[in-house]
There are 2 protein chains.
Amino acid sequence: MVREPGVQSDDSPEKRPTLDPWHGHYAARAADMIASEVRALFAVASRPEVVSLAGGMPNVSALPLEVVSAMMADLVTRQGAVALQYGSAQGVESLRESVCEVMALEGIAARPDDVVVTCGSQQALDLVAKVFLDPGDTVVTEAPTYVTAISTFAAYQARVAHVPMDGDGVVPEALADAFDRLRAEGRPAKLFYTVPTFQNPAGVTLAAGRRRRVLEVCRRAGVLVLEDNPYGLLRYDGEPVRPLRADAGRDEVVYLGSFSKTFAPGLRVGWALAPSAVRDRLVLAAESAVLSQSPLTQLVVDRYLRTQPWGDQLKVFREMYRERRDAMLRALTEHMPPGTTWTVPEGGFFVWATLPDGLDAKAMLPRATSARVAYVPGTGFFANGDGRAHLRLSFCYPPPDRIAEGVRRLGDVVAQEIALRDTFGVTGARDGRGPQSPGPELP
Amino acid sequence: MVREPGVQSDDSPEKRPTLDPWHGHYAARAADMIASEVRALFAVASRPEVVSLAGGMPNVSALPLEVVSAMMADLVTRQGAVALQYGSAQGVESLRESVCEVMALEGIAARPDDVVVTCGSQQALDLVAKVFLDPGDTVVTEAPTYVTAISTFAAYQARVAHVPMDGDGVVPEALADAFDRLRAEGRPAKLFYTVPTFQNPAGVTLAAGRRRRVLEVCRRAGVLVLEDNPYGLLRYDGEPVRPLRADAGRDEVVYLGSFSKTFAPGLRVGWALAPSAVRDRLVLAAESAVLSQSPLTQLVVDRYLRTQPWGDQLKVFREMYRERRDAMLRALTEHMPPGTTWTVPEGGFFVWATLPDGLDAKAMLPRATSARVAYVPGTGFFANGDGRAHLRLSFCYPPPDRIAEGVRRLGDVVAQEIALRDTFGVTGARDGRGPQSPGPELP
């Protein structure tokens with residue numbers, strides 16, 4: 001689910017070209033499809049003795065499985081001939097209506113006609129990239145950004161340019177500067193990809209007061225905004241913030257949504273809300289990619305939204321994840337050695353931590369897994385090799401006591417790394433410790 | 001589900017570029033994504049008074065829906081935490097084992113490790129194209145060929161070169177000539193895409209005696225075979241023929257399979273069996289495209305295969321489709337005017353008909369739908385505009401009496417077209433009529 005570009009696993013195709021009779025036959029873009037080092041990590045992380053703070057898996061066991069089971073059985077009995085048949089490439093119409101009601105909860109007014117249902121929002125991201133990106137095109141993203149977005153853009157041979165964030169999200173002036181610079185370099189940005197709310201991986205939210213400014217910067221530069229909002233409904237404290245799409249012109253934003261975090265990722269139901277002309281092309285691209293999504297899983301989601309008290313279930317999720325976030329933040333304060341800092345997310349799944357000076361999260365990972373705790377090193381979230389000082393800690397999956405134990409183990413590992421560093425005479429450790437506004441810490 | 005490249009519908013993006021603020025921002029490949037004229041046809045064809053011989057939808061209502069319903073309910077109750085969670089990009093392991101047993105029924109020996117589960121075999125086709133095709137690359141296919149394969153290759157800006165078939169499928173010498181010619185033109189073929197058994201749309205099967213020769217021709221030319229076999233288990237008479245993959249080297253063929261016709265398309269479960277190095281790249285491409293397939297629908301298929309008498313169900317499907325095919329063939333013999341010919345498929349879903357000289361299946365379509373019968377004109381199955389004399393008739397979906405009625409209506413329409421043609425003085429009508437070995441009729 002997460003991967004780290006730029007590093008080959010032992011199982012990578014690149015390691016054994018001589019065994020491959022089709023070596024030399026692949027498309028140029030296939031060279032940019034990179035094997036996941038983190039996949040091997042996940043094998044380790046899934047061992048029961050390891051506390052995994054690596055994965056971004058929602059805790060689906062909090063769902064009322066008996067209810068979902070009965071609902072699904074009834075659906076197949078009553079609507080089997082539709083649910084088990086081919087569907088339209090755009091998606092089931094009643095679900096697209098329900099999707100609009102879900103988006104309305106966050107302030108977005110949209111028509112079902114402008115929604116395309118996709119295989120998770122990941123497929124929406126892939127289709128947008130397919131429709132817009134020629135080789136060499138540039139996508140601007142936050143730094144750090146969602147790991148699989150980087151590999152998706154790479155698979156279409158696009159380049160990623162990062163823009164720094166502070167504790168209030170992406171800095172509008174830096175965004176404007178990046179657009180200007182890219183234009184001056186003759187490679188104007190085509191898309192601005194952003195996860196503005198409870199960002200993956202940084203846990204940061206773009207401040208309400210900056211959102212119109214960000215839209216304005218993109219409008220002036222003629223750059224399409226690609227807003228990815230899988231976590232917006234999972235806020236644990238603070239004031240709700242409206243998605244960019246809610247206050248933008250209909251043609252300014254392609255908005256991506258998902259039921260993976262608010263219902264279940266195994267159904268693979270996400271969506272894109274797009275300007276009408278873009279939607280037409282996304283539907284064509286979807287048809288060419290998969291003919292249609294599963295009507296069965298679409299109808300399951302639609303029926304869940306229409307017949308179940310899913311708002312109450314969302315409250316259950318929020319309570320559960322808030323407790324886990326709090327367990328992580330408490331444990332970080334308790335166990336992290338001085339010089340370690342971290343973001344304090346108001347929602348979502350992730351805390352972004354910064355190690356004391358001179359420490360390397362990637363080099364530390366084998367020692368962490370030996371100590372029975374796993375995380376994702378920061379380098380995977382950058383297209384340019386940055387991020388060695390950082391790690392992403394997920395609080396979504398393990399229960400609170402396991403999170404606390406995992407962070408305790410991690411604190412020990414970091415302390416040992418500091419001792420190693422000091423043995424080798426590296427200096428410059430910060431003496432601050434604790435929760436931070438990531439400010440200049442986020443590159 | 002089917003589309004016709006090269007023709008724009010009224011709703012096409014190309015018709016209103018001035019309304020699209022992102023006009024000029026799309027990738028070059030987006031220009032090759034073509035709106036489906038046939039989509040509008042399907043709206044007409046789905047009116048209850050119209051007999052649709054157009055769609056390729058299997059008749060899922062023949063499934064024991066109560067059994068599928070109970071199975072699904074039990075699955076979610078017992079394995080919900082897995083079924084509703086993210087899965088691996090390669091697919092559920094136990095399903096990949098079951099897939100190997102299904103392929104073994106047709107003579108293929110394969111390891112679960114070399115199988116990638118996809119969102120229908122359509123996604124497998126898309127991922128193979130993504131991994132292999134650079135803009136300008138050439139794919140060789142049968143003429144005619146599967147309509148969405150043409151649009152999938154077009155979406156990666158590849159060119160399609162057709163090779164003629166006769167009643168025994170693709171002609172090996174013509175294939176060798178095409179490879180030679182393309183190499184001489186400086187654009188050697190990268191893939192040979194083939195539906196060798198009960199071909200869509202022609203209903204023709206590559207003769208057993210030609211299969212090794214076809215493999216040899218591809219081997220000599222260094223061309224990877226992309227074998228698409230969705231209908232292989234739906235044979236109604238004649239001797240079973242082994243897939244190309246069954247008698248090929250492991251590295252010579254990427255084989256595509258699907259549960260859409262043997263179980264249910266709405267689950268969107270298909271697969272690719274690929275050489276190991278190719279498989280690695282397909283998994284990376286799948287991860288980048290959708291993260292993972294739905295574990296729920298994969299587990300449904302796996303459980304169906306492991307717990308239900310699906311071989312018996314397959315017999316039910318075969319009996320049902322045989323009856324429908326026979327109804328179509330009888331009705332064609334009874335109602336088609338002289339000069340009309342058609343193929344006699346031993347399995348699958350499709351009959352390929354050729355109109356009397358001077359008639360145009362595409363021009364005739366509006367008159368056919370007015371007469372309450374629909375089909376797909378042949379032009380959609382060619383990349384080069386050929387096929388106006390042909391139409392594809394599907395016998396999979398309507399019951400036998402409706403098929404007979406539809407063909408009767410079609411016969412009237414053809415007779416009227418002949419009268420029109422004769423009024424305008426076009427000559428050259430053949431006087432033969434009836435089932436044919438498509439022989440030289442298939443271009």
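## Salt bridges and polar contacts between the chains

The side chains of A:Lys130 and B:Asp126 form a salt bridge, with an N to O distance of 3.0 Å. In this predicted model, two salt bridges are found across the interface of chain A and chain B. Polar contacts between chain A and chain B amount to 42 residue pairs, with both residues at pLDDT 80 or more.

On the side of chain A that touches chain B, the elements giving two or more residues are helix H2 (65-83), helix H4 (120-132), helix H5 (147-155), helix H8 (276-290) and helix H9 (295-307) of chain A. H2(A) supplies the largest share of that side, namely twelve residues. Sorted by class, the side of chain A that touches chain B comprises 49 nonpolar, 20 polar and 20 charged residues.

## Extent of the interface

Chain A contributes 89 residues to the contact, and chain B contributes 88 residues. Between them, chain A and chain B bury about 7,700 Å², and carbon and sulfur atoms account for 60% of this area. Within chain A, the residues that lose the most area to chain B are A:Trp22, A:Tyr86 and A:Arg281, which together make up 10% of what that side buries.

## A salt bridge within helix H2 of chain A

Over all chains, the structure holds 64 salt bridges. One of these joins the side chains of A:Asp74 and A:Arg78, at 2.8 Å from N to O. Both A:Asp74 and A:Arg78 belong to helix H2 of chain A, where they are four residues apart, or about one turn of the helix. H2(A) is also the element that gives twelve residues to the side of chain A that touches chain B.

## The sheet of chain B

Chain B contains an open sheet of eight strands with mixed pairing, in the order E2-E9-E8-E7-E6-E3-E4-E5. Its edge strands, each pairing on one side only, are strand E2 (115-118) and strand E5 (169-170) of chain B. Strand E7 (residues 224-228) and strand E8 (residues 253-258) of chain B pair in the parallel sense over four bridges. In E8(B), B:Leu256 stands opposite B:Asp228.

Helix H6 (residues 172-184) of chain B packs on this sheet. The strands touched by H6 of chain B are strand E3 (138-143), strand E4 (159-166), E5 and strand E6 (189-194) of chain B. The direction of H6 makes an angle of about 155° with that of E4(B).

Note on methods. Residues numbered from 1 in each chain as written. Chains lettered and ligands numbered in written order. Predicted model: local features only at pLDDT ≥ 70, side-chain atom pairs only at ≥ 80, totals over all residues. Heavy atoms only, no water. Contact = heavy atoms within 4.5 Å. Buried area = accessible area lost by both parts, 1.4 Å probe. Salt bridge = Lys/Arg side-chain N within 4 Å of Asp/Glu carboxyl O. Polar contact = N/O pair within 3.5 Å; in protein donor to acceptor, adjacent residues only side chain to side chain. Nonpolar A, V, L, I, M, F, W, Y, C, P; charged D, E, K, R; others polar. Pairing = 2+ DSSP bridges. Axes fitted to C-alpha atoms, helices over the stretch in contact; angles between N-to-C directions.
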